[in-house]
Amino acid sequence: MKRRAPLAGCWLILGLVVVTPGQVNPSQAPAKPVRRGELAATPPMGWNSWDGYGTTVKEADVKANAKWLAEHLKSSGWQYVVVDMEWFVTNPTPEGNSKNSQYTLDRYGRYTPALNRFPTASNDAGFKPLADYVHSLGLKFGIHILRGIPKYAVEKNLPIAGSSYRAVEAADTSDTCPWNPDNYGLDATKPGAQAYYDSIAKLYASWAVDLIKVDCISSRPYKGDEIRMLSTALAKTGRGIVLSLSPGPAPLEKTEEMRQYAQMWRISNDIWDLWHSTVEYPQGLGDQFANVAKWAGVAQPGHWPDADMLPLGRLGPAPGWGPPRDTRLSHDEQRTLMTLWGVFPSPLMVGGELPSADAWTLSLLTNPEVIAMDQHSTGNHPLLTTDKTVVWVAQSTLTKTY
């Protein structure tokens with residue numbers, strides 16, 4: 001397949017070579033076979049609430065987007081429904097990170113869904129009823145968390161579920177996420193740190209969560225100890241839960257460590273609906289070409305560098321950045337975004353309000369050639385890069401010619 005998408009004076013040319021078994025050059029073959037039961041054997045595909053709702057998403061919104069995804073996208077491979085940031089805040093603002101947030105927690109210092117936004121979480125049900133609804137549609141359910149332990153839990157020195165420890169025996173009170181005031185970090189040298197992560201992992205497994213996106217952990221700074229503790233805690237639950245690390249840029253030199261503990265990790269700061277940005281946050285589509293080139297060839301079954309969400313369709317009613325709007329990317333730019341993410345290949349998490357998607361956006365998200373390239377290719381790398389042209393190639397692992 002070859003596609004040309006002219007925009008901003010740049011040509012992106014992408015190639016996909018289709019071969020049959022036995023024709024694969026051993027040096028270009030997948031690095032390893034997918035083990036039975038391996039998590040994220042192909043790049044995860046789904047919907048995340050951040051680009052459409054910021055931190056204001058409610059249960060009815062999640063259900064509406066899940067239903068639309070099941071009806072229109074599931075047959076093309078889209079399956080995850082992810083509730084993003086601060087679902088435990090009762091007075092959310094779209095961009096989040098407010099110092100005036102009011103939280104809901106249980107007696108063990110673990111965040112629980114805000115009942116004014118997620119009413120089926122009453123009577124200690126947590127996200128289980130919402131996860132059950134998502135699962136009933138044949139989809140998978142995910143949530144966003146911030147690394148660490150709630151400051152409130154430490155101030156009250158609440159007990160840690162399933163252990164003899166208390167919150168002060170887990171926290172590093174000198175460590176707070178640079179852009180979010182909700183939590184303290186966890187100190188891996190303290191006996192309660194692993195116990196706290198074990199307690200929240202057990203809680204999320206009881207809610208039937210399938211994916212956890214963990215923020216403030218893979219850059220600024222990279223928190224290797226907390227990644228390891230979280231991964232260990234998730235493994236103890238016995239439930240297959242995908243671990244996604246955010247934000248980026250994750251350090252390239254930590255690739256092997258991230259492969260050991262996680263299934264996804266962000267390679268850049270947040271990407272929004274613009275071509276180029278002169279500031280660190282947000283970044284634009286054009287800025288992502290250099291980032292994906294750095295990570296070319298790193299992806300393996302079960303371990304995926306993540307180029308961030310897809311800011312497509314309706315970014316509203318309360319996006320995590322900027323005013324409510326239809327995506328400002330042109331049709332050519334949107335095609336380029338999908339094709340670049342696909343040939344990289346990246347996890348695909350669309351962020352707009354799905355029920356508002358038009359027929360053109362639906363056709364973009366269900367393009368079988370792009371999805372096949374994202375899900376079933378190897379040897380992905382840039383062949384040529386100039387100031388005007390970028391050429392990527394990949395080798396299909398399928399036998400069907402598109």
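In strand β4, Val-81 is the bridge partner of Trp-47. Strands and helices here are DSSP runs, numbered from the N terminus: strands are E runs of at least two residues, helices H or I runs of at least four. The bridge belongs to a set of 3 that join β3 (residues 45-48) to β4 (residues 80-83). These two strands run parallel. Two strands pair if DSSP finds at least two bridges between them.

This is a predicted model, in which local features need pLDDT of at least 70 and side-chain atom pairs count only at pLDDT 80 or more, while totals for chains, interfaces and linings use all residues. Residues are numbered from 1 along each chain as its sequence is written, and side-chain values use heavy atoms, with hydrogens and water left out.

Now step back to the sheet. It is open and has 8 strands, in the order β12-β11-β10-β9-β5-β4-β3-β15. The pairing is parallel. At the edges stand β12 (304-306) and β15 (348-350). Each has a single partner strand, so one side of each is left without a neighbour in the sheet. On average, neighbouring strands are turned by 25 degrees against each other, direction ignored. Such angles use axes, which are lines fitted to C-alpha atoms, for helices over the stretch in contact; angles run from 0 to 180 degrees between N-to-C directions.

The chain as a whole has 11 helices and 17 strands. Of its 402 residues, 57% count as buried. Buried means under 20% relative accessible area, exposed means over 50%, and partly exposed lies in between (1.4 Å probe, protein chains only). Contact means heavy atoms within 4.5 Å. Among contacts between residues at least 6 apart in sequence, 71% join residues at least 24 apart.

A nonpolar core is a set of buried Ala, Val, Leu, Ile, Met, Phe, Trp, Tyr and Cys residues joined through side-chain atoms within 4.5 Å. The largest such core here holds 97 residues. Trp-78, Trp-87, Ile-143 and Tyr-204 touch the most other members. Helix α5 (residues 191-206) gives the most to this core, with 9 residues. Apart from this core lies another, of 14 residues, among them Ala-40, Met-85, Met-264 and Leu-315.

Take Ile-143 as a way in. Leaving out residues up to four places away in sequence, Ile-143 touches several residues, including Val-82, Val-83, Trp-87, Phe-127, Tyr-204 and Trp-207.

Aromatic rings come next. A pair of aromatic rings is described by the distance of the centres and the angle of the planes. Rings of Phe, Tyr and Trp (its six-membered ring) pair if their centres lie within 6.5 Å; planes under 30 degrees apart count as stacked, over 60 as edge-to-face and the rest as tilted. The structure holds 15 aromatic pairs. One of them, Tyr-103 with Tyr-111, is tilted, at 5.8 Å centre to centre and 55 degrees between the planes. Tyr-103 is partly exposed, with a relative accessible area of 28%. Tyr-111 is buried, at 7%.

Phe-127 and Trp-207 make a further pair. Their ring centres are 5.6 Å apart and their planes stand at 90 degrees, so the pair is edge-to-face. Phe-127 lies in the loop between β4 and α3 (128-136), Trp-207 in the loop between α5 and β9. The two are 80 residues apart, and the pair links distant parts of the chain. Both residues are buried. Ring pairs also gather residues into a cluster, including Trp-87, Tyr-103, Tyr-111, Phe-127, Tyr-204 and Trp-207.

The structure holds 1 disulfide. A disulfide is a pair of cysteine sulfur atoms within 2.5 Å. Here Cys-177 is joined to Cys-216, with 2.3 Å from S to S. The torsion about the S-S bond is about 105 degrees, so the disulfide is right-handed. Cys-177 lies in the loop between β7 (171-172) and β8 (183-186), and Cys-216 in the loop between β9 (211-215) and α6 (224-237), so the pair ties together parts that are 39 residues apart in sequence. Cys-177 is buried at 6% relative accessible area, and Cys-216 is buried at 1%.

Finally, look at Val-154 in helix α4 (residues 151-155). Val-154 is buried, at 9% relative accessibility. Thr-173 is 19 residues away from Val-154 in sequence and 8.5 Å away in space, C-alpha to C-alpha.
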